[in-house]
Amino acid sequence: MRAFEDKTVLVVEDEPIVAMHTEDLLTDLGFKTVVVAGGVDRALRALAASCVDVAVLDVNLNGEKSFPIAEHLAQRSIPFLFATGYSDQETPFPDAIMINKPFNSEALESGLRTILSD
Amino acid sequence: MQTVEARSVDEVSSDDALTGLLRLARQLFQTPAAAFWVRERGTERLAACLGDEQALRTAYDADLRAKFEDRQFVVLPDINAEEDPFRFKAGIREKLASGLASVTLIIADTKARPPGIIGEQRSAFQAICAQAVTQLELRHSQATQAKMMDRLSFFDRLASATQELEDATAIMRTVARLTGEFLDVSICAYADMHADENGFTITGDWTAPGSASIVGTYKLSDFGDFAVSNLTSKLPLVVDDVIAQLPSDAAATFQSIGIAATICLPLVKDDRLIALMAVHDARPRIWTDAELGLIGEVVERSWAHIERVRAERILRETSRRLNAILSNTREAVFLMDEQQICVYANAAAEQLTGYSFEAMRGRPLHDVVHHKKPDGSHYPIEECPIDRAFPERAQTSGEELFVAPDGSFYPVGFTASPVLDDEGKPIGTVIEARNIADEKRFQEHQVLLIDELNHRAKNLLAIVQGLVAQTMTSSDPEIRKALEGRLMALAAAHSLLTKKNWEPAPLRQLVQDAIGPHVAGHAVSMEGPELMLPSKTAISMVLAVHELATNAVKYGSLSVPGGGVDVRWNVEGDELEFQWQEFGGPPVVAPAKRGFGSKMLERGLAAELDGSVEIEFLTEGVSCKVRASIPRLPA
């Protein structure tokens, strides 16, 4: 778990229970700080306020897409992955890693390791 | 002399012109008797005479007739024969221009005339006979003309009486009446032949006053071999006198229905005798060629007329039906000719395109409704899949965008079918099309809806997962893990099915997905035919395999290095036989109490699959046999 120990991770998820669970999983995986945002605006504000190393983005946030956040992260070269409940979800980021909801700790860890090692 | 004069009065009254010529001859040659004989159609008659008619008939004997066979001018100046009433006879024979008739002029005297007829007398004699020929020729041509006029006016009457008729029976009834009256026969009848070409039914007839109808069913063979052989060889049957010309049994058949003379004509179609038309006379009658010709023409015209009205009626009915279909269908139908020019468009086509048929007629349909692509660029007809049906002679179907009169686009589903002539050459295209905008919207909506539902189901599973995690923080991590594993397996199966829109899923993939997370570093073999499982069966199978795999990881063959699983399945009829066999694990000890996994498998799954599940805790490895009936899927 060493890879995550000094890192701050941003979780963008509009469903509070899923957000809480994801937060727990990430804490268990050893992240130093987990920042949770429920929408695009709050996520962008969080990004401006804190130094984020990696992000887990739900694609659909209450009808709004999380792509502007991804755009922002890509510009700043912050690795991210998408989590989605849609099958065949298309994003403007063809190379982005996509994990299916619901996901377990193993899937989350493996996705994060992949993007952080790039 | 008195008697001769007296007799001659009758003759004059019967043939003015010829008698006048005889008077001239008698004066010129000073003979008491003179006569004209006319030979026509093989019979010779006394056409006019002056003097003793009986004596003249006796004098024009076989001997004298025979003499005219060799030469045209005969003079017997001094006859010494007891039986001959005359001592002098002279004659001349001239043929009519047609060659079919001749006139013989005879003069006779009771006294001998040794010098005979000489010099100028001879040419005067010839001139008088020539006059008679001219006279007869004139009459012939007048008679012929009159007959032709008669015939023409008959056909004229026939045509005007039948032209408005559209029913075969009405046509034949009128034809029979007019023909019977015109030919002055006793019966004019028409009949349909039966399929055996022997039986026939006279369906109608016209009868002259005094003759009885002969409507009824008969056998051609009863009318004799002559009738059968003529009619079946498409030849007319012509009998002047049935008693004289036919065997007695055949004649008896004719007589039994009051027929003494007949002309019967066959109608042959496709080499089959299908109908008859006949004129009959109650008395023997010598049918003339003109009569035979006339009835032949009547029959030909009538049957042609009937055929025509029948064809017209069929055509009218067909076109009425087609019109009913084409005007009422909601499918737009266009017909293109071999140049791909629009020659027909139905009401639905006008409604679909927003153009009237008149606006489309004479132009390629492509130029009217399909000339540009959605990006506004020109759409060349050569690239158009609709118009490809014609050159490729194959039906094509698909979806295209048509251009509305206002320039907007609308989606259509089309089928273009080439129209082939009898030789298989394409001569046009039938295009059916319908606006599929609503259908498309509905489909898109449905896809969105299904997608949203799938998404929500997944989110719900994620929330349940979160709730479990939050609720069970203080519980046994083993239990938490087991629950999470089951939730994940359910989600994975769900995911696979949503990807395929809840269509049947392949068993191999399902098994692989379910055991994938657990088998790293272990020997796993899978063997079985390709098999698509309906979604409900698929989910049950995935949950079952997940239970087996997690159990194997915990206690069974997947809990030690070197252990493995052998998965195989087979399909027989509607039954799936699936077997899970562990090997290489630690010796198996049957659990004292059945856990949730076993129960779910043996009870839940068995019920779900409408089959049986049997778990055996064999020492060498856990074995699970699943039998499930699978509904047959359409190929």
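## Domains of chain B

The domain assignment divides chain B into domain 1 (2-142), domain 2 (165-312), domain 3 (329-431), domain 4 (436-498) and domain 5 (504-635); the bounds come from an automatic or database domain assignment. Between domain 1 of chain B and domain 5 of chain B, the C-alpha centres are separated by 131 Å.

## Basis of the model

This is a predicted model, in which local features need pLDDT of at least 70, side-chain atom pairs count only at pLDDT 80 or more, and totals for chains, interfaces and linings use all residues. Residues are numbered from 1 along each chain as its sequence is written, chains are lettered from A and ligands numbered from 1 in the order in which they are written, and side-chain values use heavy atoms, with hydrogens and water left out.

## Fold and extent of chain B

Chain B contains 19 helices and 23 strands, where helices (H or I, at least four residues) and strands (E, at least two) are DSSP runs numbered from the N terminus. Chain B is more spread out than a compact globule, because its radius of gyration is 54 Å, well over the 26 Å that the globule rule gives for 635 residues. The radius is taken over C-alpha atoms, and the rule is 2.2 Å times the number of residues to the power 0.38. Along the principal axes, the C-alpha atoms of chain B occupy a box of roughly 170 × 65 × 45 Å.

Of the 635 residues in chain B, 42% are buried, meaning under 20% relative accessible area (1.4 Å probe, protein chains only). Contacts (heavy atoms within 4.5 Å) with a separation of 6 or more come in 54% of cases from residues 24 or more positions apart in chain B.

Chain B has 65 positive and 90 negative charges, whose mean positions are 2 Å apart. Lys and Arg count as positive and Asp and Glu as negative, without His and the chain ends; each charge is placed at NZ of Lys, CZ of Arg, CG of Asp or CD of Glu.

## Chain A

Chain A has four helices and seven strands, in the order β-α-β-α-β-β-β-α-β-β-α from the N terminus. Its radius of gyration is 13 Å, close to the 13 Å that the globule rule gives for 118 residues, so chain A is as compact as a globular protein of that length. The C-alpha atoms of chain A fill a box of roughly 35 × 30 × 30 Å along the principal axes.

Buried residues account for 50% of the 118 in chain A. The 9 positive and 19 negative side chains of chain A have centres 6 Å apart.
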